[in-house]
Amino acid sequence: MGCAIGLTAVTGANAADLPGKASPAEYVRICDTYGAGFYFIPGTDTCLRIGGFVRADYVVNSSAGNRTNPATGVTSLGTSYFDQLYSTSVRMTLNFDARSNTEYGLLRAFGQFSAYRGPFSGSVNSQGLINGGVGQSPRASAINVERAFIQFAGFTAGFSSSFFNFYQGDLQYSGSFATTARGTTVLAYTASLGSGFSASVAIEDSMYRRHGNGDVFLDGAAGPNQVPLSRPLSGLYGLTYGPQKLPDIVANLRVDQAWGSAQLMGALHQLTDVGWNAAPVTTAGGRNFGAPIAAAGDKLGWVVGGGVRLNLDMLARGDVLWLQAVYANGALDYAFSVGNQGGDREGIYGAGNLAGVNALNTQLRDGIVNTASATPTIQTTKAWSVAAGFRHFWTPALRSAIFGSYSKIDQPAASSLWNLKYATVGVNTIWSPVRNLDLGLELVYHNIQARTQAGGIPIITPSSTPRGSEGAWVATARVQRNF
């Protein structure tokens with residue numbers, strides 16, 4: 001009995017020393033409020049979805065040919081910088097979508113970034129991710145924040161898709177400069193009007209929409225004419241933008257219903273002039289523009305557009321037709337855009353934007369500054385574009401798309417800038433042998449035509465030969481795993 005009492009005492013003491021009962025494990029729970037892929041972040045009422053893709057592209061393109069200077073007989077070889085006729089790139093994209101309900105409605109935060117490795121030049125797609133800055137290389141790496149915004153009670157704040165965007169080249173890998181996938185910093189409000197109708201108004205960073213003189217001015221001269229400017233000044237050869245004073249003001253009216261979607265959109269874009277100098281001096285070290293002595297007054301550019309997306313499930317489930325048209329006055333990037341990054345864009349470098357030597361490389365500007373009068377004035381570039389795309393599912397695993405676009409750009413008269421016509425047409429076929437794996441082939445033809453302000457055929461460099469039109473083919477094979 002004594003032993004039993006002692007053993008009971010020891011057992012009781014050990015039991016008292018044991019920790020308390022472990023808390024039950026908290027497992028991840030599915031959140032089906034916002035669709036597939038969402039789950040609750042443990043310990044919160046926030047639902048999160050993580051997605052993205054990994055992509056490999058293999059591109060073959062034609063480039064500008066060899067040209068012989070008719071005056072000297074010297075032949076200049078026509079090639080694309082670095083890559084010539086073949087290039088490769090890889091991209092990994094991750095996105096995070098966090099949502100929760102509040103007494104004021106949905107609270108959402110969305111972020112997306114991509115890590116890219118590939119050529120810094122070459123055919124630029126409508127969702128282009130091109131490395132920039134010092135230290136560019138034939139196989140550059142870049143990490144880009146593509147989206148980072150918050151939505152709450154109808155407001156959107158952060159880096160988002162422009163509220164002007166509608167058709168963004170959704171059906172194609174590359175080829176359309178007439179459709180914009182522009183991302184920009186926005187502060188917007190969207191009002192739901194019922195029955196699928198909505199209206200939005202936004203202020204957007206105008207730096208992402210500028211076509212102006214780029215950072216190319218270097219003056220190597222010594223003496224009193226040397227001025228530490230990093231840009232050329234304004235004049236008949238183009239506008240050098242001054243500081244941003246007003247953001248772009250963007251608005252749209254949209255409807256989304258079972259038959260598809262439609263949108264009317266418009267924007268105001270301010271042009272500001274950094275100034276000009278009446279007597280630029282050419283020296284051995286370069287052209288010295290001197291300090292600005294006058295500047296044109298600010299001017300508002302504008303743009304209007306419309307588009308429709310028709311669901312054609314009566315043909316096959318998932319079939320769709322896109323149509324869009326845009327007209328711009330002093331806001332060229334809304335109607336014709338060659339990149340998806342901020343800052344001034346100087347031009348388009350040949351058909352397909354392939355940056356070819358002896359290609360029809362063309363400067364693009366939102367306007368010029370006419371300094372002929374006592375008061376300099378900004379004269380704007382006018383442009384319009386149309387784009388279309390049709391996708392058909394042959395089987396649930398096999399789909400094809402045909403698409404095209406046309407743009408016409410009229411730059412101000414009495415300048416050294418050219419007037420352009422730019423057309424693309426393309427087709428692709430994508431096979432998904434298993435879910436979330438796409439194997440695709442695409443072929444696009446680009447054609448650019450240019451005329452001087454006097455209607456003549458431009459002279460291209462470095463071969464100094466006449467070149468009024470140019471075509472290029474771009475073929476892309478893509479392997480993409482979505483998740």
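## The β25–β26 loop

Ser-464 sits in the loop that connects β25 and β26. Strands are DSSP runs of E with at least two residues, helices are runs of H or I with at least four, and both are numbered from the N terminus. The phi of Ser-464 is positive, about 55°, although the residue is not a glycine. Ser-464 is partly exposed, because its relative accessibility is 32% (buried means under 20% relative accessible area, exposed over 50%, partly exposed in between, with a 1.4 Å probe and protein chains only).

This is a predicted model, in which local features need pLDDT of at least 70 and side-chain atom pairs count only at pLDDT 80 or more, while totals for chains, interfaces and linings use all residues. Residues are numbered from 1 along each chain as its sequence is written, and side-chain values use heavy atoms, without hydrogens or water.

The loop between β25 (459-460) and β26 (465-466) also holds Pro-462. A cis peptide bond links Thr-461 to Pro-462, with omega about 5°. Most peptide bonds are trans, and most residues other than glycine have a negative phi.

## A positive phi at Ser-195

Ser-195 is another non-glycine residue with a positive phi, near 60°. Its place is the loop between β9 and β10. Ser-195 is exposed, because its relative accessibility is 62%.

## Overall make-up

The protein has 1 helix and 27 strands. Of its 483 residues, 46% are buried.

The accessible surface is about 22900 Å², by the Shrake-Rupley method with a 1.4 Å probe; for residues, only the protein chains shown count as cover. Carbon and sulfur atoms account for 63% of that surface.

## Nonpolar cores

The largest nonpolar core has 43 residues, and Phe-164, Phe-336 and Ile-348 touch the most other members (a core is a set of buried Ala, Val, Leu, Ile, Met, Phe, Trp, Tyr and Cys residues joined through side-chain atoms within 4.5 Å). At least two residues each come from β9, β12 (260-271), β16 (320-329), β21 (382-395), β22 (398-410), β23 (419-431), β24 (437-451) and β27 (469-482). The top contributor is β16, with 4 residues.

Leaving aside residues up to four places away in sequence, Phe-336 touches Phe-177, His-211, Ile-348, Leu-364, Ser-407, Ile-409 and Tyr-422. A second, separate core has 7 residues, including Leu-239, Leu-271, Trp-276 and Val-369.

## Thr-380

Leu-271 is also one of the residues touched by Thr-380, again not counting residues up to four places away in sequence. Thr-380 belongs to strand β20 (residues 377-380). Thr-380 is buried, because its relative accessible area is 10%. Gly-301 is 79 residues from Thr-380 in sequence, yet their C-alpha atoms are 7.5 Å apart.

## A nonpolar surface patch

Phe-155, Leu-187, Tyr-189, Val-201, Ile-203, Ile-249, Leu-268, Leu-300, Trp-302 and Val-304 form a nonpolar surface patch with about 870 Å² of accessible area together. Two or more of these residues come from each of β9 (183-194), β10 (197-204) and β15 (299-311). The largest share, 3 residues, is from β15. Patches take residues with over 30% relative accessible area and no salt bridge; nonpolar side chains (Val, Leu, Ile, Met, Phe, Trp, Tyr) are joined within 5 Å, like charges within 9 Å.

Leu-300 lies in β15. Leu-300 is partly exposed, because its relative accessible area is 48%.

## Salt bridges

There are 12 salt bridges (a side-chain nitrogen of Lys or Arg within 4 Å of a carboxyl oxygen of Asp or Glu). Arg-478 pairs with Asp-57, with the closest N and O atoms 2.7 Å apart. This pair links β27 to β2 (residues 47-61) across 421 residues. Both partners are buried: Arg-478 at 7% and Asp-57 at 8%.

Arg-399 and Asp-438 form another salt bridge, at 3.4 Å between the closest N and O atoms. It ties β22 to β24, with the partners 39 residues apart. Arg-399 is buried at 17%, and Asp-438 is buried at 14%.

Lys-408 bridges to Asp-410 at 3.0 Å between the closest N and O atoms. Here Lys-408 is partly exposed at 23%, as is Asp-410 at 32%. Shared partners also join Arg-49, Asp-97, Arg-99 and Arg-108 into one salt-bridge network.

Arg-99 has Arg-108, in β6, as its bridge partner. Strands β5 (residues 86-102) and β6 (residues 105-118) pair antiparallel over 13 bridges; pairing requires at least two DSSP bridges. A hairpin of 2 residues joins β5 to β6.

Conventions. Contact means heavy atoms within 4.5 Å.
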